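Open the model in your viewer and keep the selection tool ready. We will go stop by stop.

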Amino acid sequence: MSFEKFELNEKILTGVQACGYKVPTPIQLQSIPPIMAGRDVMGLAQTGTGKTAAFVLPILQRLMQGPRGHIRALIVAPTRELSEQTHTAIMQLGRKTQLRSVSIYGGVNINGQINKLQNHVEIISACPGRLLDHIQQKNLDLSSTEIFVLDEADQMLDLGFIKPIRQIVTRLPARRQNLFFSATMPSEIGKLAGELLKDPVKVQVTPQATTVD
Ligand code: AMP
């Protein structure tokens, strides 16, 4: 099967081709249709499976319609590398869409991020700590977020980010689409998924045997 079957916008397909993707990976095949249909998705998938494009492509598709100039998609990731990697994937796959994205993480001067936020972005790829700093400083408004992605949720647990995530979620509108990706499903992450996701479609590309509790 090719990417054309997903009926993505032509501008997004141009990005897919520019990235050299010919055939969707299994996580993309399983996730893209339900995400495009607006469903919440719980994905058990590790890095290297193509999970980033599995959520980035439907996000780009959704944001092609509707207003621009405010935050409509929030992706929260545990590390600055992952946050930056996701931002890069958005820039590459969405190169023709004119949608704007910014990555937000600690350890760098906050002012550069504030300037980028003032340019009215539609997508944010953030680490929890610095995102909370921006929320507290009122540098951004998450009240119009339509899609919330929690990436590498099990690593969030390892790094002590569960409480910050709960704080971030209180800033999001109740009516939103939630996408949750994790390589493993420890019980605390299962509990968080149960709280955040509404009737999720479950997709999995790693064998159940790798689940850690
Ligand atoms: P990820 O699991 O999202 O970190 O992706 C792992 C790598 O696979 C990245 O370098 C992606 O650019 C690449 N990738 C994602 N989807 C595809 C695809 N359908 N075909 C070829 N490479 C892909």
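**Stop 1: a buried pair**

Select Lys51 and Glu152: both are buried. This is a predicted model. The two side chains form a salt bridge, with the closest N and O atoms 3.2 Å apart. Lysine 51 sits in helix α3 and glutamate 152 in the loop between β5 and α7, so the pair ties together parts 101 residues apart in sequence.

Aspartate 151 is in the loop between β5 (147–150) and α7 (153–158), 100 residues from lysine 51. Aspartate 151 is buried too.

**Stop 2: helix α3**

Select residues 51–64. Helix α3 has 14 residues and reaches 21 Å from its first C-alpha to its last, close to the expected 20 Å. Of its 14 residues, 13 are buried. Just after α3, check glycine 66: its phi is positive, about 90°.

**Stop 3: the ligand**

Show what surrounds the ligand: 13 residues, with Tyr21, Gln28, Gly48, Gly50 and Thr52 the closest. The shell divides into four nonpolar, eight polar and one charged.

- Glutamine 28: a polar side-chain atom lies 2.8 Å from a ligand nitrogen.
- Glycine 50: a backbone N or O atom lies 2.8 Å from a ligand oxygen.
- Threonine 52: a side-chain N or O atom is 2.6 Å from a ligand oxygen.

Alone, the ligand exposes 490 Å², and the protein buries 66% of that.

**Stop 4: α8 and α9**

Select Glu195 and Arg166. They form a salt bridge, the closest N and O atoms being 2.8 Å apart. Glutamate 195 is in helix α9 and arginine 166 in helix α8, 29 residues apart. Glutamate 195 is partly exposed, at 45% relative accessibility. Arginine 166 is partly exposed at 30%.

Terms used
Residues are numbered from 1 along each chain as its sequence is written. This is a predicted model: local features need pLDDT of at least 70, side-chain atom pairs count only at pLDDT 80 or more; totals for chains, interfaces and linings use all residues. Side-chain values use heavy atoms; hydrogens and water are left out. A residue is near a molecule or strand if one of its heavy atoms lies within 4 Å of it. A polar contact is a pair of N or O atoms within 3.5 Å; within protein, one must be able to donate a hydrogen and the other to accept it, and residues adjacent in sequence count only if both atoms are side-chain atoms. Accessible areas come from the Shrake-Rupley method with a 1.4 Å probe; for residues, only the protein chains shown count as cover. Ala, Val, Leu, Ile, Met, Phe, Trp, Tyr, Cys and Pro count as nonpolar, Asp, Glu, Lys and Arg as charged, and the others, Gly among them, as polar. Helices (H or I, at least four residues) and strands (E, at least two) are DSSP runs, numbered from the N terminus. The expected span of a helix is 1.5 Å times one less than its number of residues. Buried means under 20% relative accessible area, exposed over 50%, partly exposed in between (1.4 Å probe, protein chains only). A salt bridge is a side-chain nitrogen of Lys or Arg within 4 Å of a carboxyl oxygen of Asp or Glu.
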